[in-house]
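Thank you all for coming. Please have a look at the sequence and the model before I go on, and keep them in view while I talk.

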Amino acid sequence: MHLRVPRPRSLAGQLFAMQAVLIAVVVVGYALFTYISDRGQAEDAAGRQARAVSLAIADSPSVVAAIGTADPTARLQPYAVRVMRDTDVDFVTIMDPYGIRWTHPDPAQIGHPFQGHIERAQRGETFTETYTGTLGPSVRAVTPVLDGDRVVGLVSAGIKVEEISKRAQEQLTALSGVAAGALLLGAVGTYVINARLRRHTHGMNADELSRMHDYHQAALHAVREGLLMLDGQYRVALINDGGRELLGVSGDVVGASVADLGLPAQLTGALLASEPRVDEVHLAAERVLVVNTSPVSGGERRGTVVTLRDVTELQSLTGELDSERGFTQALRSQAHEAANRLHTVVSLIELGRAEEAVEFATAELELAQALTDQVVAAVGEPVLAALLLGKTAQANERGVELVVARESRLDDGLLPPSLPARDLVTILGNLVDNAVDAAQGAVPSRVTVAAYTESVAERPELVMRVSDTGAGVDPAHADLVFQRGFSTKPAGEGGRGLGLALVRQAVRRHGGTLTVTEAEGGGALFEARLPLGDAGSGTATPATLAARPGPGGSV
């Protein structure tokens, strides 16, 4: 027989039970304390009432006068009965100085000794006590009746303890009603609060919540992607290690507003947006991030969950792939042109004009070789040389002349390992592509590229300058052109405005500077300067830089 182990009560259920018991204990304890306190107060009140009645009787001149008659009972018994009725006491007993009763609620007890203590009253003192007499336990006061300084009689007024208990019982009944109402109200309030808590905790018990918290913390630190959680006021509620690294933030940022994290404006805008964002590419200080945001709602906006993926390497590879695709297109175009030239040579030979065919072929070879020799002689760095040759062919296909400036001089092995070729391709390739786009359709359509090293304050720097003959850049937009999404051209497939932003990011990553000014013949001049640190034998030094040609004109 399979026995099903009962599931532990949920946290909300445990809290409800604990709160219900606590409220019951508090209410019952308060009721008991109040009952005891009220009973004591009732006894004190009964004593004060009995004392006041006995003193009033003892001070009455008619009582003193009646005591001096031959039959005090005849006048005092009706008087005592009337006082009991008017003052709501249970008995009034008037007696002689020796305790023999002149009055009593039970006439049969008249003439019998008073049951209780009278010694202090015989000495002229008024006192109260609780004593069991002929009517049962009672709270009574005993006071002397004075005629001058002589005690001529005694008066005792009392209230039975049973009556005091009835008064306390009435108060207890009312108190019980109030306590029951408080208990019911507390139970209902506790149930409502715990029902809300049950919804928030999804019915889980304390152990399950603790395990979930441990799993949650472990998952946060294990995930390499960035995770950022914002509350309803767009303040950081949670951020994991990956999110801190990708966003470039440090310190305790929990509770800080997104606007105060110092992130780029476009990235901050994406995090503050109320609508979800799906696979948006944004630039952080040194990284290219894919951002996804999803609002958290439960009847109301509770916050936003943000995931961040680092695609810096992927973006670089994509740029290299685009360059390779451009190289392929250039080769295809050159192959087509070569086929046309070959057909021309073959046709000249078939027409019997061999000398003209040789001259045509020789001129084409010399032109192609001259272009290759010019680029390789100016830029010995193989990656940049290949990039410029490919970009030259691409620009030629679009009707733009790409010229390598005369001052260009970049020997192979000069660049340090800290400056990878991939970043150089990103910087120079995007600058050239942007310049070709600007120069296309202009007269003349020309892009000039210069790459050289120079020493500034005994600090070697790599300088890459790209100018075009296009419309130029409005000085008011000199800084905006480097922001993601800014472009003066219509958006194409995949969007616009990312190339120059990637260039600035790469330049800043290596501690360089990027500026845009107006070129001499019109158009825009972009200049990127990258510091060259110590890199062994390939590092540029002020001595070697001084021996190299300085800037000159373009060819």
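This is a predicted model: local features need pLDDT of at least 70, side-chain atom pairs count only at pLDDT 80 or more; totals for chains, interfaces and linings use all residues.

Which residues of H3 are buried? Residues are numbered from 1 along each chain as its sequence is written, and side-chain values use heavy atoms, with hydrogens and water left out.

The buried residues of H3 are Pro72, Leu76, Gln77, Tyr79, Ala80, Val83 and Met84, where buried means under 20% relative accessible area, exposed means over 50%, and partly exposed lies in between, with a 1.4 Å probe and protein chains only. The names come from DSSP runs, numbered from the N terminus: helices are H or I runs of at least four residues, and strands are E runs of at least two. Helix H3 covers residues 72–87, and its 16 residues should span 22 Å at 1.5 Å a residue, which agrees with the 22 Å between its end C-alpha atoms; the expected span is 1.5 Å times one less than the number of residues.

After H3 comes Asp88, in the loop between H3 and E1. Asp88 is not a glycine, and yet its phi is positive, about 60°. Is Asp88 buried or exposed? Asp88 is exposed, with a relative accessible area of 52%. Tyr234, in the loop between strand E5 (226–231) and strand E6 (236–239), also has a positive phi, near 60°, without being a glycine, but Tyr234 is buried, with a relative accessible area of 17%.

Let me turn to the sheets. Strands of a sheet pair through backbone hydrogen bonds, either parallel or antiparallel, and here two strands count as paired if DSSP finds at least two bridges between them. Four strands make an open sheet in the order E1-E4-E3-E2, with antiparallel pairing. Strand E1 (91–95) and strand E2 (127–133) are the edge strands, each pairing on one side only. On average, neighbouring strands of this sheet are turned by 30° against each other, direction ignored. E1 is joined to strand E4 (residues 150–160) by five bridges, and Phe91 stands opposite Gly158 in E4.

Another open sheet has five strands in the order E10-E11-E12-E14-E13, and its pairing is mixed. At its edges lie strand E10 (401–404) and strand E13 (513–518), each pairing on one side only. E13 pairs with strand E14 (residues 524–531) in the antiparallel sense over six bridges, and Thr517 stands opposite Leu525 in E14.

Where is Pro444 found? Pro444 is in the loop between helix H12 (421–439) and strand E11 (446–456), and the peptide bond from Val443 to Pro444 is cis, with omega near -5°.

Finally, the axes of H12 and helix H13 (residues 499–509) come within 9 Å and cross at roughly 145°; axes are lines fitted to C-alpha atoms, for helices over the stretch in contact, and angles run from 0 to 180 degrees between N-to-C directions. Among the residues that meet are Ile427 and Leu431 in H12 and Leu502 and Val503 in H13, contact meaning heavy atoms within 4.5 Å.
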